[in-house]
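Subject: Handover of a structure, with notes

Dear colleague,

Please find below the structure that I am handing over to you. My notes on it follow.

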Amino acid sequence: MAVYKKTYRPYEGGLTAPLTRFLVIPRYAFEELHRSRFLTFFFLATYIYPLICALIIYVQHNASALSLLGVQGANRLISINVVFFMGFLGWQSMLALFLAAFAGPGQISPDLANNALSLYLARPFSRLEYVLGKISVLVILLSLMTWIPGLLLFSLQGYLEGWDWMTANARLASGIFLGAWVWIIVLSLLALALSAWVKWKPAAGALMFGVFFVAAGFGATVNAVQRTKWGHLLNISNLIGSVWVELFQGANKTTSGTVFFRVPEGQELPLWCCCSALAALCAVCLYMLARKIRGAEVVR
Amino acid sequence: MNALWIAQVGAVLRLELKKTFLSRRGWWIYLLALGPVGLTLIHWLFEAGHPGGRHSLGDDVTAFAALFLLYYLRAGIFFGCMGIFSNLFRGEMLERTLHYYFLTPLRREILVVGKYLAGLTVALAVFVTSVVLSFLFIGRHFGAAYSDYIWHGPGLSQLGWYALVAALACVGYGAVFLMCGLLFKNPMIAAAVVWVWEGINPFLPTLLKKISVIFYLKSLCPVQVPVPPPFSIMVIDAEATPAWVAVPGLLAVAAILLIYSAISARQAEINYGE
């Protein structure tokens with residue numbers, strides 16, 4: 001056929017259902033992430049702590065195992081309570097930050113750096129679906145690290161302890177689920193926003209650490225220099241810790257947070273301030289994404 | 001080192017300074033340095049409105065020690081050096097411009113030294129200036145008492161030590177991150193490992209403590225900041241290293257890392273396609 005006769009012909013094949021179209025992105029993204037040996041190893045290593053927790057729960061309910069180990073009093077040493085589950089969530093969430101810092105920056109920056117965004121948006125695929133697809137990569141990965149093993153541990157404890165324990169401690173389950181989701185949303189939005197604005201992947205990852213740790217350090221110095229507690233508003237882990245304490249314990253507070261997400265005693269901020277600060281952070285990230293995720297870019 | 005090498009180092013230094021000093025890409029590094037300066041400036045202006053004072057000069061000295069340790073050493077200088085030094089080689093790889101250097105009749109060791117000196121000049125100019133300004137601002141609201149503290153008290157000596165520690169931090173972390181940028185495709189992973197290692201330093205056994213930059217830097221700080229509870233119970237005390245060991249020790253470690261980077265650069269091959 002002559003070249004001039006090759007005119008436009010629309011795609012005639014089957015289309016993916018509109019509701020599940022955004023899942024095309026994670027399908028390819030997971031293939032790429034799987035190719036990184038470091039990420040695969042790191043992801044697998046994040047299950048060490050849940051396995052240890054499961055072992056502790058099992059041993060606590062197994063008298064023969066306790067006697068075999070010669071530690072009959074061990075069930076009094078570690079209690080399976082709010083501290084145990086918050087500690088679990090704290091460790092896993094810190095590992096989730098590392099994973100998001102390694103995997104998140106590679107989500108959007110290559111598309112923008114290579115001007116490939118128009119290739120996505122030229123198809124029946126909206127900006128919202130693009131962002132949903134990209135964010136779902138992180139959401140799935142981080143969920144597999146945080147609330148899913150957390151709820152499995154809760155179920156194991158409930159199974160071994162009985163239905164009464166489960167109903168009496170239902171708040172722990174909701175705390176794990178909602179607390180993890182708050183963290184996942186903040187983390188995913190931040191990772192994507194930085195990925196959209198910083199084209200060099202390692203720099204975006206470093207900036208993510210910077211937002212967490214430098215801002216926390218700066219918040220601590222604000223507190224030290226100005227003799228105030230409002231510097232904690234810059235400390236994301238502190239804000240998350242405050243939300244978690246409320247989700248896990250409500251009005252009956254017995255702890256001041258957990259490992260990496262501890263709120264210094266006497267320096268607690270009002271919960272609405274913490275929630276507002278987190279919401280503001282998410283809004284800024286969404287704005288940053290909306291500014292960058294566009295089919296056409298004016299280059300001056 | 002002959003005259004040609006010195007001239008070549010100077011040429012690389014000039015070229016790199018043009019590229020890195022006050023570049024738009026490095027805005028966040030300048031923000032890292034400006035943050036505490038702005039904070040102490042606000043503190044000065046804010047407290048100047050309370051002539052009676054709500055705290056003592058000693059409180060401000062301790063607050064600066066906390067600011068220096070918690071912000072400058074743990075975050076500002078660490079991340080700033082990461083941004084400056086890991087970008088020296090890796091940034092050129094990404095922009096596909098490194099081969100221009102490699103095609104010139106220039107020893108790779110000279111290139112490494114030139115680039116390192118350029119990064120160090122930027123880091124020193126940014127962070128040492130920031131530390132000095134923050135120190136001068138934090139107690140300025142005490143007026144003549146603070147001037148007296150600086151000129152006739154221990155203030156000037158403390159300022160000197162803080163500036164020296166900041167400079168040594170730039171030297172040490174600079175060498176670490178230059179090597180990371182040269183050896184690793186993603187220097188972030190190496191940087192994260194270094195960051196965690198430096199962060200857990202107070203809790204490490206005495207022998208392991210000494211395999212870090214922060215241990216020597218903390219030893220040189222004129223005012224010590226205790227680790228707050230509940231982590232204080234996990235701290236393992238180690239004898240502070242005297243200055244005559246810490247300063248040459250850090251410089252020696254930086255020199256070793258630079259030599260290793262230079263050897264690696266000699267064998268470096270570029271494949272932009274990877």
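A residue is called buried if 20 or more other C-beta atoms, placed from the backbone, lie within 10 Å of its own, exposed if 12 or fewer do, and partly exposed in between. This is a predicted model, in which local features need pLDDT of at least 70 and side-chain atom pairs count only at pLDDT 80 or more, while totals for chains, interfaces and linings use all residues. Residues are numbered from 1 along each chain as its sequence is written, and chains are lettered from A and ligands numbered from 1 in the order in which they are written.

Most residues other than glycine have a negative phi. Asn115(A) is not a glycine, yet its phi is positive, at about 55 degrees. Asn115(A) sits in the loop between α7 (109-113) and α8 (117-121) of chain A; helices here are DSSP runs of H or I with at least four residues, strands are runs of E with at least two, and both are numbered from the N terminus. Asn115(A) is exposed, because 10 other C-beta atoms lie within 10 Å. In chain B, Arg96(B) also has a positive phi, of about 60 degrees, although it is not a glycine. The loop between α3 and α4 (98-102) of chain B holds Arg96(B), which is exposed, with 10 other C-beta atoms within 10 Å.

Helix α15 of chain A

Helix α15 (residues 271-292) of chain A has 22 residues and spans 32 Å from its first C-alpha to its last, close to the expected 32 Å (1.5 Å times one less than the number of residues). Cys274(A), Cys285(A) and Leu289(A) are buried in α15(A). Seen down the helix axis, the buried residues of α15(A) fall within an arc of 50 degrees, so they line one face; the arc is that of the directions from the axis to the C-beta atoms. The face turned away from this buried side carries exposed residues, among them Trp272(A), Tyr287(A) and Arg291(A). The buried residues of α15(A) pack against α9 (127-145), α12 (170-197) and α14 (236-249) of chain A.

Chain B has eleven helices and zero strands. Its C-alpha trace spans about 65 × 40 × 35 Å along the principal axes. Of its 274 residues, 37% count as buried.

Which chain gives 27 residues to the contact, and which gives 22? Chain B gives 27 and chain A gives 22, where contact means C-beta atoms, placed from the backbone, within 7 Å. On the side of chain B that touches chain A, the elements giving two or more residues are α2 (27-48), α3 (57-95) and α8 (187-199) of chain B. The largest share of that side, twelve residues, comes from α3(B).

The nonpolar core

A nonpolar core is a set of buried Ala, Val, Leu, Ile, Met, Phe, Trp, Tyr and Cys residues joined through C-beta atoms within 7 Å. The largest has 144 residues, and those with the most contacts inside it include Ala100(A), Leu187(A), Ile77(B) and Ala169(B). The element that gives the most to this core is α3(B), with 19 residues. Leaving aside neighbours within four places in sequence, Ala169(B) is in contact with Leu73(B), Ile77(B), Val213(B) and Leu217(B).

Yours sincerely

Technical notes. Two residues are in contact if their C-beta atoms, placed from the backbone, lie within 7 Å.
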